[in-house]
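Have the sequence and the model open as you read.

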Number of protein chains: 2
Amino acid sequence: MDSQNVEFTSTAKLQSWKEAAAEKKRRQVLSIPKEWVLSNLPSKEEVNVVGFPEACGLLTSREIEITNSEVDILLQKLATGAWSSVDVTTAFSKRAIIAHQLVNCLTEIFIGRALQRAAELDEYLKTNGKPIGPLHGLPISLKDQVSIKGLESTIGYVSCIGRYASKNAVLADILESCGAVLYVKTNVPQTLMWVETYNHIFGRTLNPHNRTLTAGGSSGGEGALIALRGSPLGVGSDIAGSIRVPAAFNGLYALCPSPGRVPYAGCVNTLEGQDSILSSLGPLSSSLSGIKAFLKSVASQKPWLKDPLAINKPWNEDEYQLADHGNGKRLCFAIMWHDEFILPQPPVTRALEATKQALLAAGHQVIDWKPFKHPDIFQALWVIWSAGASEDFGTATALSGEPLVTTMEPDGDNLDSLSPSAPEDRPLPRGLSAYELWQEQKKRRQLREEYLAHWNATITLTDTGRPVDAIVSPCAPFVAPPHGKNNLPPSYTMIWNALNYATLVLPTGLLANPSIDVRKPPHAFFTDLDKATYDFYDPARCAGAPISVQLVGRTSEEEALIAMGEIVDVALKTKVVPAKL
Amino acid sequence: MDSQNVEFTSTAKLQSWKEAAAEKKRRQVLSIPKEWVLSNLPSKEEVNVVGFPEACGLLTSREIEITNSEVDILLQKLATGAWSSVDVTTAFSKRAIIAHQLVNCLTEIFIGRALQRAAELDEYLKTNGKPIGPLHGLPISLKDQVSIKGLESTIGYVSCIGRYASKNAVLADILESCGAVLYVKTNVPQTLMWVETYNHIFGRTLNPHNRTLTAGGSSGGEGALIALRGSPLGVGSDIAGSIRVPAAFNGLYALCPSPGRVPYAGCVNTLEGQDSILSSLGPLSSSLSGIKAFLKSVASQKPWLKDPLAINKPWNEDEYQLADHGNGKRLCFAIMWHDEFILPQPPVTRALEATKQALLAAGHQVIDWKPFKHPDIFQALWVIWSAGASEDFGTATALSGEPLVTTMEPDGDNLDSLSPSAPEDRPLPRGLSAYELWQEQKKRRQLREEYLAHWNATITLTDTGRPVDAIVSPCAPFVAPPHGKNNLPPSYTMIWNALNYATLVLPTGLLANPSIDVRKPPHAFFTDLDKATYDFYDPARCAGAPISVQLVGRTSEEEALIAMGEIVDVALKTKVVPAKL
């Protein structure tokens with residue numbers, strides 16, 4: 001231990017952050033309705049818990065029906081009063097609490113407040129004969145970052161405990177204006193800059209398909225919660241893959257819009273003031289209807305009049321009708337089989353192949369996508385984030401004295417043995433000067449121009465008279481890996497953040513299957529990380545994990561991307577028989 | 001001279017940059033058609049040269065008619081073939097060359113190439129019976145930054161001499177797709193970060209209304225050129241006032257859109273990679289019809305498919321019809337009489353008062369605008385720019401060895417006596433770290449949120465049921481000052497860049513008049529700069545300078561802003577009798 005770090009190592013401070021974390025966790029336990037605490041939880045050895053909520057006995061058959069319904073059905077039943085918001089909110093709240101006991105996915109739990117709001121909405125519908133807005137009565141879960149008046153947003157930092165929001169984030173206000181019922185917030189990793197979910201306050205979130213696997217991150221709480229249908233629709237955030245990785249690992253639909261499409265103002269964040277690569281808020285759901293309802297509803301509230309960074313772009317129905325894509329009649333999709341950085345493991349490649357066959361069968365053109373300078377783009381991103389990240393994270397942890405999490409390995413962050421990290425131990429290099437940062441940002445801008453030209457040039461490769469309509473890409477080079485093992489740069493998602501492209505995650509209906517997804521012979525490795533990924537593949541370990549694909553559109557093209565996603569989804573459902581292990 | 005700066009002071013390098021600048025200037029002289037070189041130029045004592053182009057004898061009466069026509073008339077005559085593009089291009093080219101001889105406004109001159117293009121367009125119209133695009137045949141001038149294949153963009157740096165563009169900037173391509181004829185580029189200050197126009201290659205641009213006054217900057221070449229009707233429509237850029245200040249000082253209409261509305265990709269710039277406060281490209285013109293035609297035409301070419309930073313926002317006719325502003329029937333304008341930083345001098349206040357009376361007479365509501373934390377916002381901007389500016393400017397000047405311009409005073413930059421500035425002499429502080437920069441950017445983001453809330457809160461002050469529709473603000477606290485004296489931070493323009501608001505400059509038809517605009521007794525000064533501005537006022541010195549106002553709309557609200565600008569313009573023209581001195 002370096003003597004210079006005495007500030008970080010005082011016993012008083014160590015105890016203090018542990019006590020603060022424990023006290024916060026105790027308050028969380030108290031916020032769980034006692035009557036929903038289960039005594040028949042599955043043992044640790046039962047790794048797949050997806051079926052448990054329906055089997056556990058806590059939910060009535062009507063509550064099972066409600067929570068198994070997709071967002072379009074829920075909204076229709078709620079708008080007509082066929083189902084009351086109190087009933088729907090109760091059902092999802094119960095199932096969320098079941099989920100939490102299985103996979104540890106929640107942070108703030110405020111069901112009493114939600115039920116009161118639901119009752120007001122039921123009353124409104126009765127009195128006025130019409131819903132209050134397009135999301136009338138629908139429970140929506142929120143990543144911990146989204147501030148709600150009177151609640152904390154700890155975002156995985158002990159130092160944020162006790163900071164109660166004085167007002168709602170703009171998005172929370174907008175969702176409430178649309179009629180949503182907010183009821184839980186969900187777990188994240190410390191710093192938000194991991195693609196797994198673990199912190200010193202709430203611990204680790206598990207993957208319900210296999211609890212020995214990661215739920216992904218940083219919106220891992222959302223991913224695990226929605227996979228167990230403890231929420232029909234949730235909000236995550238994504239600066240490198242934080243919506244899409246958990247969506248992919250948990251078998252969900254999700255949209256990562258271009259920055260500014262969904263208002264971010266009022267959310268708590270890390271790396272604040274980093275104006276170059278912006279994080280996006282976006283929806284995760286068990287159906288595309290949830291994704292569409294979310295975006296259309298948010299846009300209907302003119303978020304640009306409430307958040308100075310929100311883009312002035314109303315829902316564009318022409319774009320949704322694919323006016324810029326030949327009205328959707330024959331599209332050209334390009335499959336990116338790999339990014340020339342890491343070759344995907346066999347389950348992922350199988351899903352890409354299945355998607356290709358489904359799209360061909362549906363009458364679309366499918367060509368290969370040639371990656372363009374991806375390693376250069378990763379490098380630019382990495383340097384931009386690193387420019388001040390070490391100081392940012394260090395400042396946030398120094399406030400409480402908690403150690404910086406340096407690994408997501410379950411044994412790597414043993415609090416009993418762990419000393420707070422010295423600044424020089426932190427995983428990111430010390431910062432750049434502002435001028436050096438500008439040079440990196442300039443490189444990124446140049447690369448964005450080149451990538452756009454690369455995309456436009458595909459017009460010579462298609463038979464549609466247009467450049468490629470959308471790219472089909474892996475979400476990650478593997479399905480959900482074991483805890484602590486999702487430790488590579490998320491190259492398949494962060495590339496699109498670097499380019500500000502809109503992206504959509506779709507489950508293929510396929511699951512990793514050791515009898516099909518056998519190891520391939522070694523290939524000529526692109527990089528050391530590629531070799532490590534190859535070596536690391538163990539078909540048995542990820543058995544049953546959902547396999548997803550990513551659909552990539554142009555900047556701010558969310559409406560067209562959702563419509564193209566519907567086309568891919570129908571094609572997959574027509575062609576691909578959902579797997580059962 | 002510090003011995004450390006030997007690199008900057010070698011005689012060889014000094015001579016070399018002077019020679020390079022002189023050689024470039026010689027090439028410019030050669031690019032001027034000889035038959036348009038005038039021998040009857042007015043003497044230096046004739047300060048107002050606005051009438052000279054029509055009187056000098058070089059222009060035919062038809063050329064005078066053409067060059068005195070506004071953009072809507074020109075486009076109509078060109079589209080029908082009533083006027084050929086060759087004739088229109090010839091007329092504006094001749095007048096541009098006259099203007100250049102009067103006020104030194106041009107950099108690149110490529111009239112032969114333009115006339116060839118004009119002839120092709122005439123041929124196209126003859127063959128196809130319809131114009132090639134919405135700007136068919138119209139000459140458009142460009143600020144020096146806008147790259148044109150085969151030409152230089154020196155942007156006031158000797159080090160940029162000899163760098164010939166390998167391709168057009170996206171905007172140049174788009175304008176050509178619309179049918180525009182590009183024929184000249186216009187002068188800028190070294191670094192682009194001055195609100196006057198002077199550099200070591202092309203020298204100083206003068207104000208045609210009074211050549212002892214500055215034309216403003218950094219788009220000063222455009223301002224002076226269009227004021228002399230050497231161009232019907234030009235493109236400037238603006239990060240702190242660089243479109244608006246020259247427009248205001250030269251009595252022109254101009255639009256500074258929110259960043260990204262007009263594509264910037266492919267332009268040459270300073271402070272590149274600074275991703276926080278972005279410069280905007282926008283039009284200057286002698287009529288609002290020019291402003292509207294420009295924006296509508298550019299948007300029609302879907303710039304977001306060509307520039308990754310361009311916003312996906314087609315021309316929105318509903319917004320132009322003021323759908324979000326009560327269909328324009330009764331608007332509420334708020335006048336910002338001062339920014340609590342510098343009180344405007346009497347001519348500017350008189351123009352605000354005239355605008356108020358005109359708007360009231362036209363049936364609109366007019367209230368006062370209360371500035372909100374302007375000094376905090378200026379400070380955030382200043383620190384963000386300064387974070388790497390010194391290194392940026394130093395790098396660009398060190399390449400050639402030319403001195404950094406440290407004043408716009410005519411006697412302050414005497415090249416015979418001047419030594420290159422040492423890095424420590426540069427006017428901006430040494431940079432911040434990236435993390436420190438992020439903290440400033442975070443402050444700015446917070447201030448943007450607060451300012452938006454401040455604007456929204458005006459709903460309680462209006463009788464329209466809406467918040468204030470637009471703000472009427474000074475463009476600067478004074479009309480065009482003498483050369484070297486526009487040396488304050490341009491607080492009245494940069495505030496809106498900080499907030500990403502769209503802004504429009506309108507001439508009021510009034511001119512500074514010493515017999516009306518008499519000195520006021522001293523007031524309680526807001527700041528030292530306020531006192532300096534008060535002390536500096538000399539009614540006689542700025543006699544005859546145009547007085548303009550600035551109309552401020554919300555982010556990306558360009559269509560509505562143009563429509564509201566038309567309302568203000570009509571009100572002013574109805575109520576205010578254009579002044580003659």
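## A buried lysine and its partner

At 10% relative accessibility, Lys94(A) counts as buried. Here buried means under 20% relative accessible area, exposed means over 50%, and partly exposed lies in between (1.4 Å probe, protein chains only). This is a predicted model: local features need pLDDT of at least 70, side-chain atom pairs count only at pLDDT 80 or more, and totals for chains, interfaces and linings use all residues. Residues are numbered from 1 along each chain as its sequence is written, chains are lettered from A and ligands numbered from 1 in the order in which they are written, and side-chain values use heavy atoms, with hydrogens and water left out.

What does Lys94(A) meet in a salt bridge? Its partner is Glu63(A), at 2.8 Å from N to O. A salt bridge is a side-chain nitrogen of Lys or Arg within 4 Å of a carboxyl oxygen of Asp or Glu. The pair links distant parts of the chain, 31 residues apart. Glu63(A) sits in helix 4 (residues 61–67) of chain A, and Lys94(A) in helix 6 (residues 85–103) of chain A. Helices (H or I, at least four residues) and strands (E, at least two) are DSSP runs, numbered from the N terminus. Glu63(A) is buried too, with a relative accessible area of 10%.

## Other salt bridges

Side chains of opposite charge can pair when their charged atoms come close. Over all chains, a search of the whole structure finds 50 salt bridges. Three of them are tabulated here.

| Salt bridge | Closest N and O atoms |
|---|---|
| Lys485(A) with Glu409(A) | 2.9 Å |
| Glu23(A) with Arg27(A) | 3.3 Å |

Lys485(A) and Glu409(A) form a salt bridge. They also link distant parts of the chain, 76 residues apart. Lys485(A) is in the loop between strand 11 (470–473) and helix 16 (491–499) of chain A. Glu409(A) is in the loop between helix 14 (374–398) and helix 15 (434–456) of chain A. Lys485(A) is partly exposed at 29% relative accessible area, and Glu409(A) is partly exposed at 25%.

Glu23(A) and Arg27(A) are separated by about one helical turn, because they are four residues apart in helix 2 (residues 11–30) of chain A. Glu23(A) is partly exposed at 34% relative accessibility. Arg27(A) is partly exposed at 25%. Salt bridges that share partners join Glu23(A), Lys24(A), Arg27(A), Glu108(A) and Glu152(A) into one network.

## The annotated site

Which residues does UniProt list for "binding site"? The unreviewed entry gives Leu192(A), Ser218(A), Ile239(A), Ala240(A), Gly241(A) and Ser242(A). They are spread over 51 residues of sequence but cluster in space, with a largest C-alpha distance of 10.9 Å. UniProt positions are in the numbering used here, feature names are shortened, and annotations may be inferred rather than shown by experiment.

Leu192(A) lies in the loop between strand 3 (181–186) and strand 4 (198–199) of chain A. Leu192(A) is buried at 5% relative accessibility. Leaving aside neighbours within four places in sequence, its contacts (heavy atoms within 4.5 Å) include Ser218(A) and Ser242(A).

Gly241(A) lies in the loop between strand 6 (233–238) and helix 10 (244–250) of chain A. Gly241(A) is buried, with a relative accessible area of 0%.
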